[in-house]
Amino acid sequence: MPGTATPLPRVHRDVVSFVRRSTRMNASQQRNWEAHHTEWIVPLAHRATTTSVAAGQPFDPDAIWGRTAPLWLEIGTGNGEACAAIAGRHPEVNYLGFEVFKPALASALGLIARAGLTNVRLAEVDGIDALRHWIPAGSVERIFTFFPDPWHKARHHKRRLVNPDTATLVASRLRPGGSWHLATDWADYAEQMREVLDHRDDLVNAHRDGDGWAPRDPARPVTRFEQRGLDAGRTIRDLVYRRVPPTPPGR
Ligand SMILES: C[S@@+](CC[C@H](N)C(=O)[O-])C[C@H]1O[C@@H](n2cnc3c(N)ncnc32)[C@H](O)[C@@H]1O
């Protein structure tokens, strides 16, 4: 009878750094997805939400890439411009990109397939959840977070990807000496990154002897998001933080 169906139980969702968007793909994205997803997308089991990652799945580089190599991760690959450029310049690393928005992943697949990159894999997941439940501690050499969603309104700042909790998680996944590379075109987010990251015990600003801002990484291409910031006259800020090992007890 209409109107009497039992409502589905609501799934509890933590505060996340993204919004659910349409998964509708245009014709070219659809073609990319169909032609390439089995080769480049890592299939993962989820919990209740499609962007979550079920715990207990082994992270096995040999199964994913057919080799063990230094691991570089990117959270929020968007259309894959940085991913394709950086992985293309560094065939010696295993590069894994996390993105929640399927049409963007499909565009990234097109770039990666055209470049014939064999060292890249992508996963359709919340990168934070993937770090928490899938990526082993101390296993990552570099993590990239370029132009994370700015979440401008003060009441939305809690959704910003860079916050004390994610910093603790990211630091725990980096191997000692490993690094977290960030870029943003929003001045207040850049300042927030400095406030969150500059005074931690597990990370050190690689450019603390200068003004704390990193020079632009030449491997990072100008993406659509960066260009939008440049066109609007905003300053692009790069940051690099290195994982410092915990001080051994008794010292
Ligand atoms: C502003 S775009 C920037 C994309 C890309 N990094 C660039 O510079 O062109 C931010 C992207 O991060 C993705 N994103 C946001 N939070 C995420 C998360 N927790 N895990 C994976 N992707 C995320 C969004 O879907 C979006 O595609």
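Asp201 sits in the loop that links helix 7 (187-197) and strand 6, with helices (H or I, at least four residues) and strands (E, at least two) taken as DSSP runs numbered from the N terminus. This is a predicted model, where local features need pLDDT of at least 70, side-chain atom pairs count only at pLDDT 80 or more, and totals for chains, interfaces and linings use all residues. Residues are numbered from 1 along each chain as its sequence is written, and side-chain values use heavy atoms, with hydrogens and water left out.

- Asp201 is exposed, at a relative accessible area of 73%; here exposed means over 50%, buried under 20% and partly exposed in between (1.4 Å probe, protein chains only).
- Asp201 and Glu191 are ten residues apart along the chain, and their C-alpha atoms are separated by 19 Å.
- Thr223 is in the loop between strand 6 (203-205) and helix 8 (224-231), and this residue is buried, with a relative accessible area of 12%.
- Leaving aside neighbours within four places in sequence, Thr223 is in contact with Glu81, Ala82 and Phe147, contact being heavy atoms within 4.5 Å.

**Around the ligand**
- There are 20 residues around the ligand, and Ser17, Gly76, Glu99, Gly127 and Phe146 come nearest; to count, a residue needs one of its heavy atoms within 4 Å.
- Glu99 places a polar side-chain atom 2.6 Å from an oxygen atom of the ligand.
- For Asp126, a polar side-chain atom lies 2.8 Å from a nitrogen atom of the ligand.
- Thr223 turns up here too: an N or O atom in its side chain is 3.2 Å from an oxygen atom of the ligand.

**Helix 1 against helix 4**
- Helix 1 (residues 27-40) and helix 4 (residues 102-115) pack at about 70°, with axes 8 Å apart; axes are lines fitted to C-alpha atoms, for helices over the stretch in contact, and angles run from 0 to 180 degrees between N-to-C directions.
- That makes helix 1 roughly perpendicular to helix 4, a label that covers 65 to 115 degrees.
- On the helix 1 side, the contact includes Trp33 and Trp40, and on the helix 4 side Leu105 and Ile112 are among the residues involved.

**Helix 6**
- In helix 6 (residues 164-173), Thr166, Ala167, Leu169, Val170, Ala171 and Arg173 are buried.
- Those buried residues pack against helix 5 (127-133), strand 4 (140-146), strand 5 (174-184), helix 7, strand 6 and strand 7 (237-243).
- Asn163 caps the N-terminal end of helix 6, with a side-chain oxygen 2.9 Å from the backbone nitrogen of Asp165.

Terms used
Angles under 35 degrees count as roughly parallel, over 145 as roughly antiparallel, 65 to 115 as roughly perpendicular and the rest as oblique. A polar contact is a pair of N or O atoms within 3.5 Å; within protein, one must be able to donate a hydrogen and the other to accept it, and residues adjacent in sequence count only if both atoms are side-chain atoms.
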